[in-house]
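Okay, thanks for coming, everyone. Let me put the model up and then talk you through it.

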Amino acid sequence: MSGHVHIVGGGLAGLSAAVELAGGSERVSVYEAGPACGGRARSYLDRQLGCRIDNGNHLLLSGNPAVYRYLGLIGAQDTLVGPKRPVFPFVDLADRLRWTLDLSRGRVPLWVLSKRRRVPGMRLAELRGLLALMEATPDMVVSDCLQPGSLARRLLEPFAISVLNTMPDTGSAALLGAVVKESLARGGRNCLPRFPAEGLSESFVDPALAHLSVLKADVRTGSRVSAVEMADGSVAALHLGDERIALGPEDTVIMAVPAPVATSLLAADLPGFSAPDQFESILNAHFLLPQAPVLTGGLAQARFIGVVGGISEWVFVKDRILSVTVSAANRYATRDLDELAAIIWNEVRAAIDPAATVPLPVAMPPLRIVREKRATFAATVQQDRLRPGMRTMAPNLLLAGDWTATGLPATIEGAIRSGHAAAQAVHARRGMPGRPK
Ligand SMILES: Cc1cc2nc3c(=O)[nH]c(=O)nc-3n(C[C@H](O)[C@H](O)[C@H](O)COP(=O)(O)OP(=O)(O)OC[C@H]3O[C@@H](n4cnc5c(N)ncnc54)[C@H](O)[C@@H]3O)c2cc1C
């Protein structure tokens, strides 16, 4: 073995680095503070509902290259499911309007020419907003790029809020533009909505752990790194409570913890370190129905619906569970959760009932609300500038995580890319070719 790579954090960035490195010439260890890996993308048994749920709904796209590379390496590419066509059903609660955005598969956006397939009420001139996003400079916010009208209100603003987890008047246009370039601009083939058939852990975590176990990588849960000891500008040791893990000259640390943890472990002793320090929350409401709804139309195909003109943004239908996502949820931080739940349940009924063979119960079913307070960094222009690169002033310390300078907002794609990039840097340090892309 040519060295030992110590990966701190068993979220998807850390697991992605581990999966890339395991089975190579490095010994690989992952230290995860929590009882299980997965970080902000995990499933767990909810005792209140008596079933497994994801901490939050995660929507991915067929054109997320790093996600599919990672799933391929761990043999889990078939665990993501979704409609065969790039369809996105929507309801506008304020205007009582329903439509299905039906993108063309290829790069030529023929869908904009069909009133049946595009956003109702949109003017073709509004499409200039998409071009403006793709050409945005780092100092522009999303609102600077959008033209007022139905396309902005019914698609681009909700899209911005979910992708950036930040409101359009402060959200970075360049970060949203990067996602548009990798999705819409590459055609509907790259925009097929995808989500785990079973759960986030069953897709992204459990197969990775099985793969790492076969390749003899060491994954330690319940192992919080409490301090990073520096000497002569390099990491000399990691401390896990009373345990001290000394680094040899060939060893590397990949720090794949959330931004606030990285700041507390590194900022004092690492010259030039910076990280985002403002965060946005995401609220998920999971409702357990007496039986799975039977759906019709676009909703039956997609198994989710976008909601405009309410608090809810997306409703996902997973068998007996209806899960609602509310992004950029700091704006609701002071609202009473019971009051929010009642409003959200009424919105769910309005969104689902017209497409269900039997209406949902009027009375709110058992529910679980999960508020992830620091779901992502606030994807503002200012916070984006604080994101550090993967390399640090310490030659044996690399950074990974959705908050590092991936060029994308805080997403699974960004997290996995960052882990992959850190693994490639380890290979480069040894003068070894990485695994092919
Ligand atoms: C509710 C919600 C909804 C989301 N929806 C989407 C979506 O639809 N699509 C999408 O692409 N992305 C979505 N995201 C974002 C996505 O989940 C994250 O970008 C991604 O999971 C981040 O992975 P990470 O490895 O960078 O960080 P994390 O998942 O935070 O992993 C860091 C890990 O480090 C561990 N750790 C912390 N401190 C220590 C320590 N001292 N020692 C050892 N370990 C430590 C943590 O326990 C954690 O497991 C969503 C996030 C949330 C919260």
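Let's start with A400, which counts as buried at 0% relative accessibility; buried here means under 20% relative accessible area, with exposed being over 50% and partly exposed in between, using a 1.4 Å probe and protein chains only. A400 sits in the loop between strand 20 and helix 12. By the way, helices (H or I, at least four residues) and strands (E, at least two) are DSSP runs, numbered from the N terminus. A400 and A415 are 15 residues apart in sequence, and their C-alpha atoms are 7.2 Å apart in space.

Quick housekeeping before I go on. This is a predicted model, so to speak of local features we need pLDDT of at least 70, and side-chain atom pairs count only at pLDDT 80 or more, while totals for chains, interfaces and linings use all residues. Residues are numbered from 1 along each chain as its sequence is written, and side-chain values use heavy atoms, with hydrogens and water left out.

Now, R387. You'll find R387 in the loop between helix 11 (381-385) and strand 20 (397-399). Is R387 buried or exposed? Buried, with a relative accessible area of 7%. What does its side chain reach at 2.9 Å? That's the backbone oxygen of D402. The side chain of R387 also makes a polar contact of 3.1 Å with the side chain of T406. A polar contact is a pair of N or O atoms within 3.5 Å; within protein, one must be able to donate a hydrogen and the other to accept it, and residues adjacent in sequence count only if both atoms are side-chain atoms.

On to the ligand. There are 34 residues around the ligand, and the closest are E32, R40, H58, L59 and D402; to count, a residue needs a heavy atom within 4 Å. Which backbones do its oxygen atoms meet? A polar backbone atom of L59 is 2.7 Å from a ligand oxygen, one of T411 is at 3.3 Å, and a backbone N or O atom of I412 is at 2.9 Å. Taken alone, the ligand exposes 1000 Å², and the protein buries 91% of that (areas by Shrake-Rupley, 1.4 Å probe).

Helix 1 (12-21), strand 15 (279-288), strand 19 (367-377) and helix 12 (412-430) each give at least two residues to that shell. Domain 1 (3-35 + 221-277 + 379-430) and domain 2 (45-82 + 193-199 + 279-377) both contribute residues to the shell, so the ligand lies between them.

Terms used:
Domain bounds come from an automatic or database domain assignment.
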